[in-house]
Structure formats: structure tokens, C-alpha cells
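Here is my note on the model, point by point. Please keep the structure open beside the text as you read.

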Amino acid sequence: MSAETTGTTGTVNVLAAASRPISLSAGWANRWLAIALTTLVCLAPLPLGGNRPQFWGAVATLLAIIGTAYTWNLYRNGSELRFSLVRLWPVATLQFVLAAYLLIQSLPLGHLWSITFTNWKGEAFAAGALSLTPGSTFLMMVRILSYGALFVLMAQVSVNRARARRILVVLFYVITAYGMLGLLLLAMGDTLLGLRKWAYHGSATGPFVNRNSFATFLAMGLAIGVALLAEVSVVAAPLQKKLTDLAALVAGLLVTTGALLTTESRMGAVAAACGSVVVLALASRKLKLSWARWTVIGLILAIATLAALTVFGSGVLERMISIEGAADIRGDLYAQVGEMIRARPLLGWGGDSFELSYPLFHRPPVLTDAIWNKAHSTYLALWVELGLIFGSIPLLVVALLAVVSLRVFFASRSGWVVGLAAVGAFVVAAVHSTVDFSLEIPANAYLLTALLALASGVSAPADMHSPSRQHVARVAIMRTG
């Protein structure tokens, strides 16, 4: 076969490949995917923190549609996922096992064998499933799967490290905007998006119902802002741009800090401090400043903190004084929650069943004139509802992803700020979840999931993705030309 024939045949094959129906190039598909996912995460807090089935259900549906369209586009282009779950197979396996167990809990297995539950008096009664609330447990499975879908899709777009950083910046300023919204709503009648509040009067709640949930959201924003501040300080850039970026970040941090303190959330302030301190401690390895400069920075931060407490922190300081009484109430609650765990340590009471299962153990000294629909500790809630083994899976998944984020910080030269922000947000969520349920609010779960996904995507080599058909065609044309 002559060289001329070979060249003609190659050109024909290239033209045939290029003429196959394709919707979007891989690059454009990832750009639009990034816009869609970032928009979803940013808008999720608006409808009451997304903490209603119709709201998070809508987000789950949109994620399913977006994921299906993205996957179909990859197929049409002959491309593969940029970030393969094989890289995180332990996390993917654990997530699958968790979803499978939630499905098992929701099935009517009571028709196959006897399933009984026992209250604090030892009185037993039969049930039709391993969950006291099989419908709610099934919905929890859907919610867990939506978090997994968000993680997988966000990881695809963050393999591009510049894009991952842009998303991080957008998230910070959107959180700052929510902080400003919280301050405005508090000053203009103390409403919930224009509606009369039914709880937490006098505290900033933003679009959330619960001030502690809003505080966790803002605290994760603080961790992001401090990480970005460290990056701007260490990365070489023109002086004017650096000063502009520093001024914008400091202004955002001041607004977010003021809004956080105005929530009057005690543990929210503690979690924010823990996350920011961890970020600063890790960032010191990149900044490489002298002890004198660190002393100056420490004094500036101390003065800024005192000023913020003076202007916005009177409420949270007053609540700090009454923390002993609150600890006694929580201690009594946790003791009864512990009884629930000991009653069903392996199988649990069913995903999302705490509100209906806790009354079986609710008695004095825990107040009986109030409805306790949360365990006020995400760790205890998971162990109550899913048992000690399966209830530990979400904790292990998040911890593994935090380790990936930490590795990104230490190993990546260009994307370390993404890993640093994710670690800071993880610390915030881990600390606040010990005594509250902020991470059980979908908007907070979406934000943390997005940050961990950004760091995981950055951890992938830049050449992880397969080239699109257009790219293959261009290379073939160059070779045959």
C-alpha cells in the first residue's frame, strides 16, 4: 500500500470519527458541569438550609439529571471520567455498603422473620422492618446517594486545578454573602427570609432555621477564607493585585466572623476557632515567616478577634457563661441516647428514625415538655440509627477524604490551598458535630462534600482523563498530514 493511499485512508477515518454525533467537547462539558454544581451548592442553603424533603429531593433529582447528561456526553465523545473512583475504591466501597444497608433497613423483612424493638422498660413490640421508620430510612438512602453523586461529579471538574481554585473562591464569597444576608435579616426585623421566625429570636440564622447550622456553614467559610489568605500571602503576584486580593479576603472574613458571632452559637464559635487555627498552623509550613512576623500576625488576629467580640460577640459571651447548665441537659440526653445504642448496638433503630424512636426512652430528668427530634450529636445519631458498625461508615468515609485533602496540601505545588481549605472545613464539621447536628442539614453536607471532592480531584494527576474524539482527530490529522 502506498504512502498516498495510507494518508487518504487515515484522513477518511479521521473525518468519519469526527462526523460522529457529539454534543459538547470534554472541556466545555466540564466547564458547564462546574457551573451547574457550584450553583447547586451555592443555592442549597436558601430554602431553609435545604432541610426539607422537597428541597433536598429537588437537588438530588437535579444531580441525577446532570450526572446522566454528563455521562451520556462522555459516551458520545468517547471519553472517560477524568477522576476514576478506582483511586478512592475504599471510599466508594464503604459508600455502597452504607447505601445497601439503608435499603435493607427499609425493606419489609418482618414478613420473613420476627423483628422486635424494646423500650427502656424492657417492653418489646414487633415491627415490619429493621427500621422503625422504613420510609424515612429509604429517603436517607436517597440523600446519601445524592452526596455521593455530588462528590463524583465535582471531582471530575476539579482535576483542573485552576478551575478547582476558582470554585473555592466562589464558595468563599457566596458564604460571605450569606453572612451579610444574616446580618441584614437580623437588623431588618429579625425574620427568616421575610417570614416570622419560630425559633432563635435575636440570633442571626440567615436562610437556616437553626442558628447552630448557620454557624457551621459560616465557620467552614472562615476556614476557606483563611486558607485563601495564606495562599495570596505566599504566591508571587503583582503588588497591586496582591493588595486588592488581600483587602477583599479580609473584608469577607470580617463580615463572616461578625455574622458567625451574631448567631450566638457557642460551639459554632469554638469550631470556627479550631478550623482556623488548624489552617493557620498548616499554612505556616508554606509561608515560612520569621517568628517576629508570626508574632505580629498573631497580635493582629488577637486584636481583630477582640474587636469582633466587642461589636458582635456579647450574645455568644453571655451564652458561654451559661454553658454549665446546658452541659447538664445534654449530659442527661446523651445518657438516654447511650441506652438506645446499647439496646440495638449492631442493627440500630433505622436511618432517620431518631425522632420517633427516642420517645421510647425519653423520660426525666430530660425535659418532657419539649420535642427532641435530634440527638444533638451526629456521631451518636449515626450509632443510634445504623448501629456501631454501619453508623461508623460515614465517619470513616469523611476521615479518609480528609486524609486525601491533607496529602494534597503537603504534596501539591499548585493546588495546596484547595486541600488546606478542605482540611479546615473538615475540622469545623468534626468538632461541631460532637454536640450538634449541623452536618445533618443538607446545605452543610453539600458544602463539605464539595470541598472534599475539590481536594480529591486535585489529588489526581493532570493527565488522568482520556482525550476526546476531537483531540484524537486532531492528533491523527497531524500524523497523516
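1. Surface first. This is a predicted model. The protein chain has an accessible surface of about 22,500 Å². Carbon and sulfur atoms hold 69% of that surface.

2. Overall make-up. The chain has 481 residues, and 47% of them are buried. Its secondary structure consists of 18 helices and four strands. Take the contacts with a separation of 6 or more: 78% of them join residues 24 or more positions apart.

3. Helix α17. Start with residues 442-458, which form α17. This helix has 17 residues. From first C-alpha to last it reaches 24 Å, close to the 24 Å expected at 1.5 Å a residue. Is it enclosed, or is it open to the outside? Of its 17 residues, 17 are buried, so α17 is largely enclosed by the rest of the structure.

4. P442 in α17. Residue P442 belongs to this helix. Its relative accessibility is 1%, so P442 counts as buried; the cut-off for buried is under 20%. Which residues touch P442, once neighbours within four places in sequence are left aside? They are G49, G50, N51, W56, R143 and Y147. Look also at I144. P442 and I144 are 298 residues apart in sequence, yet their C-alpha atoms are 9.9 Å apart in space.

5. T449 in α17. Here is another residue of the helix. T449 has 14% relative accessibility and therefore counts as buried. Residues up to four places away in sequence are not counted here; T449 then touches Y147, L150 and F151. Y147 is also on the contact list of P442.

6. α15 against α17. Two packed helices are described by the angle between their axes and the distance between the axes. Helix α15 covers residues 393-411. It packs on α17 at an angle of about 45°, and the axes are 9 Å apart. The two helices are therefore oblique to each other. The contact uses V398, L401, A402, V404, S405 and V408 from α15. From α17 it uses L448, L452, A455, S456 and V458. An α-helix has 3.6 residues a turn, so residues three or four places apart point the same way. Check the handedness on screen too: α15 passes α17 in a left-handed crossing.

7. α14 against α15. Now move to the other pair. The axes of α14 and α15 come within 8 Å and cross at roughly 100°. That makes α14 roughly perpendicular to α15. On the α14 side, the contact involves Y379, L382, W383, I389 and F390. They meet I393, P394 and L395 of α15.

8. The loop between α13 and α14. Find P365 in this loop, between α13 (354-357) and α14 (378-390). The peptide bond from P364 to P365 is cis, with omega near 15°. L367 lies in this loop as well. Is L367 buried or partly exposed? Its relative accessible area is 44%, so L367 is partly exposed. It touches H362 and W372, with residues up to four places away in sequence not counted. The C-alpha atoms of L367 and L333 are separated by 9.0 Å, although these residues are 34 residues apart along the chain.

9. Backbone angles to check. Most residues other than glycine have a negative phi, and most peptide bonds are trans. Y200 sits in the loop between β4 (195-196) and α7 (211-234). With a relative accessible area of 26%, Y200 is partly exposed. E264 also has a positive phi, of about 65°, and is not a glycine either. You will find E264 in the loop between α8 (239-262) and α9 (266-287).

10. An exposed loop residue. End with H111, in the loop between α4 (89-106) and β1 (115-118). Its relative accessibility is 72%, so H111 counts as exposed; the cut-off for exposed is over 50%. A127 is 16 residues from H111 along the chain, and their C-alpha atoms are separated by 9.5 Å.

Terms used:
Residues are numbered from 1 along each chain as its sequence is written. This is a predicted model: local features need pLDDT of at least 70, side-chain atom pairs count only at pLDDT 80 or more; totals for chains, interfaces and linings use all residues. Side-chain values use heavy atoms; hydrogens and water are left out. The expected span of a helix is 1.5 Å times one less than its number of residues. Buried means under 20% relative accessible area, exposed over 50%, partly exposed in between (1.4 Å probe, protein chains only). Contact means heavy atoms within 4.5 Å. Accessible areas come from the Shrake-Rupley method with a 1.4 Å probe; for residues, only the protein chains shown count as cover. Axes are lines fitted to C-alpha atoms, for helices over the stretch in contact, and angles run from 0 to 180 degrees between N-to-C directions. Angles under 35 degrees count as roughly parallel, over 145 as roughly antiparallel, 65 to 115 as roughly perpendicular and the rest as oblique. A crossing is left-handed if the near helix is turned anticlockwise from the far one by less than a right angle, and right-handed if clockwise.
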